[in-house]
Amino acid sequence: MASSAAARADTFPKLLVRNARLHGARPSMRHKDLGIWQTWTWSEVLEIVRAYSVGLSRLGLKRGETIAIVGANRPKLYWSVMAAQALGAIPVPVYADAVADELAYVIAHAEVRFAAVEDQEQVDKILSVAERLPKLEWLVYDETRGLRDYDHTRLKSMDEVIADGRKAIAADSKVGAWIDGEIEAGKGSDPSIILYTSGTTGTSKGVVLTGERSIAAATDTVAFDGLTETDVALAYLPIAWVGDHYLNYAQGLVAGFCTACPESADTVMTDLREIGPTFYFAPPRTLETLLTRVMIRMEDASLLKRKLFHYFIGVARRYGERILNGESVPLSGRLLYALGNVLVYGPLKNVLGFSRVRVAYTAGEAIGPDLFAFYRSIGLNLKQLYGQTEAFLYVTAQPNGAIYSDTVGPACPNVDIRIADNGEVLFRSPGMFSGYFKDAAKTAETMTADGYVMTGDAGYFDEKTGHLKIIDRAKDVGRLNDGTLFPPKYIENKLKFFPNIREAVAYGDGRDFVAVMINIDLTAVGSWAERHNVIYASYQELAGHPLVYDMIEKNVAEVNRRLAADKVTAGAQIRRFLILHKELDADDGELTRTQKVRRGFIADRYDALIKALYDGSKEADISTEVTFEDGRKGTISARVKIRDMQVEPALGQAA
Amino acid sequence: MRSPSGPEIAAGEVLLSVEDVSLAFGGVKAVSGISFDIRKGEIRAIIGPNGAGKTSMLNIINGFYHPQQGRITFKGETRSKMRPHDAARGGIARTFQNVALFRGMTALDNIMAGRTLKMKRNLFWQVLRVGPALAEEVENRHKVEEIIDFLKIQDIRRVPVARLPYGLQKRVELGRALAMEPELLLLDEPMAGMNLEEKEDMSRFVLDVNDHFGTTVALIEHDMGVVMDLSDRVVVLDHGIKIADGTPDEVKTNQAVIDAYLGVAH
């Protein structure tokens, strides 16, 4: 009886029990503490989670209630999720870098009575908005530092809660049996977790996911990528993001692999190297930062090393991807590549911590073709997937051997995809959500009558490969006044593929022509400035420098050439651009917490600049309010210059 | 303001006191006839305009300068002058106005250097690095890792300090002082040359050191906001003479202090 229930484990706590039985002595969690990697096996984790959930229940947490999880990737926060689920309570992870207001919104909306938080910083943040959270009763924290003198009537350390539960289990065998019964009693159709969306489109919504659907989805992808209990992943992305919950938590429990938590957010690079994960996920932005850093360091290397590097990267570009895809490559190419592997690619992958990676994914945004090809050419099996919180991540993923930089792959196993008449991508998947928390109207709006979820993304199936291509948010695809198609994100991404450009925001819907606002990349442009004796005192000064404008103008001209190459986009070439005087920042609401541009918000905030872009002026004044990390506000004002661009003749017409 | 601990401190026992201390370099009187005390567990600030004798005062406390006159009582023992090694053994650690680290060594090694006094084995054993010497090294390394964790500098553990930005070097220096597990920590302008965010971080660390390890702190600082927020009691020097001594609020409203800082019409 017990074994048959465990064999079809439909909740995560049941999977934990199964893993403790099947892989009891294998590592489940690692965390670097005081410079040394600590390891917990699956059976140790089960013991801790049982004690923890008993402790939480003794504080009053009950089935069906919600508990907020706030903090960085730390074992005790993952165990808080497990312990809550063991009791049948619903964890609600919140982004750790959310400002107090955002935090208060989610905690209030989810009607949270308990919060499990990382440290003093998060405790302070929650206490600062306590009067708006009448339902919140208990705060449990991981890191005790600085909290000793706090009023402990509603505050307890996780260690105390776990120790209390452990004592209760030791004192009375019925308590242990009771918690095992609670785990057994959990139903797969009950909500397993509520993940709040990052709010690309307005306030965030709580996506409710059930245990059985989550596990069904994770089981499919674990089989798809052949993940087993011997794999290792490094959990460094926000706990509150669907990607971390899926890739590390859900897949970790389904496959039984080991999840490693970094020592701190700043040591991820070193930790990656020490752990040597076999399964890796990184958003395009992270991959780009890594590559930029490698390239900058190579510029400073000795001549011989530089020559060697560039020669073998050339070799990798020619043969690397074909070797990875299993295509035929001449023997000389294979030999050269093998030599390059010893001299360059191997050491490079070692430095980046990619030596043991079998499967790597990137998603979230379009990835530059050069960037994508670079990692694949040095032998990293990097693939793209497309997904969203409502699907519990995966909608499509590229299978080994069929990888293209501009597609996101065919539908995942057991996923149905349909393209609506307006070009919007619709899907039905095993992991799809059961609804938005307390928002039936929004749920109904997102679903079609026959049970498909509307993604809000516009896309089409590529004729050659049969893979899905995503071009933009369906509602963002607009038209110029002359009727030309205007896909803003498509243009922005083309710009962002240049290392000098960090962020771009394109306007054109309902206008006469396309104009863009550009954010320079301080690392790349700063390094360039150093080499060219360009002196600057601030970001603002560098951004407004005429030589920087010249450089960006070349990039924009190149994008125009590429746009001109395609009949559909030739009309959407960039006529005017400006470089923003400040970096777009999530604290100012200009980006979402997952670093996506909020175009509408930016349009309101920089209204004066947009007017100037379209009224022909050569420069414009702007003054904006900024929020510092500690929540104080200040203003930045600047005079921003605007440049006009030449338009390339469309190739179709010229011919 | 740290009002909750205020009354407690006032009743606390005296850890160090200086009485009628004077120091002159030739004809220049650096400090003359100064008396004040530092109580166990408090954060004590020494402030004053440039050239007031603040750093001289710290140097007298940790035995770097020897006063011509006066007495220093530390942990009940009175002497006419401190010596640096007495101060270090007795549990006084300090940081410097200009960072004084081993620039070519890593942050970790610099902090390890702060453990020298805690290492009992002689050079012979330490070179061999076996048996008891190894056990001792492991034990001390553990303490150092706790400090690294405390100061949140895990990411620069292996970086030579010369390559670190100034704010982080200051933090490493604090780490080295903490490695001595001092009873009294002397900080000479810990926030000098820092930006607002670094200052806030450093203030947090000073408060945490005081709270977490119960370390008594005496600090020199120019940033009045920092001084008023951090300290329990403030002593104000001007031209080598003590002009005020009391809680931040008392000092802030003291006419002599205002005159010293803003100048008086002559």
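1. Conventions. Residues are numbered from 1 along each chain as its sequence is written, and chains are lettered from A and ligands numbered from 1 in the order in which they are written. The model is predicted, so local features need pLDDT of at least 70 and side-chain atom pairs count only at pLDDT 80 or more, while totals for chains, interfaces and linings use all residues. Helices (H or I, at least four residues) and strands (E, at least two) are DSSP runs, numbered from the N terminus.

2. Helix 6 and helix 7 of chain B. Helix 6 of chain B packs on helix 7 (residues 166-179) of chain B at about 140°, with the axes 10 Å apart. Axes are lines fitted to C-alpha atoms, for helices over the stretch in contact, and angles run from 0 to 180 degrees between N-to-C directions. The two helices of chain B are therefore oblique to each other (under 35 degrees is roughly parallel, over 145 roughly antiparallel, 65 to 115 roughly perpendicular, the rest oblique). Among the residues in this contact are Val144(B) and Ile147(B) of helix 6 and Leu178(B) of helix 7. The contact has five nonpolar, one polar and one charged residues.

3. Sheet of chain B. Six strands form an open sheet in the order 6-7-8-3-9-10, with mixed pairing; strands pair if DSSP finds at least two bridges between them. Strand 6 (92-95) and strand 10 (241-246) of chain B are the edge strands. Strand 6 runs parallel to strand 7 (residues 184-188) of chain B over four bridges, and Ala93(B) stands opposite Leu185(B). Helix 8 of chain B packs on the sheet and touches strand 3, strand 7 and strand 8.

4. Sheet of chain A. This open sheet has five strands in the order 23-24-25-27-26, again with mixed pairing. Strand 23 (501-507) and strand 26 (619-627) of chain A each have a single partner strand, so one side of each is left without a neighbour in the sheet. The twist from one strand to the next averages 30°. Helix 20 (residues 546-564) of chain A lies across strand 23, strand 24, strand 25 and strand 27, at about 150° to strand 25.

5. Helix 3 and helix 7 of chain A. The axes of helix 3 (residues 42-59) and helix 7 (residues 158-171) of chain A come within 7 Å and cross at roughly 95°, which makes these helices of chain A roughly perpendicular. Their contact has 10 nonpolar, three polar and four charged residues.

6. Val92(A). Val92(A) is in strand 4 (residues 90-94) of chain A. Val92(A) is buried, with 27 other C-beta atoms within 10 Å (20 or more count as buried, 12 or fewer as exposed, and in between as partly exposed). Beyond its neighbours within four places in sequence, the contacts of Val92(A) include Ile67(A), Val106(A) and Ile194(A).

Terms used:
Contact = placed C-beta atoms within 7 Å. Nonpolar A, V, L, I, M, F, W, Y, C, P; charged D, E, K, R; others polar.
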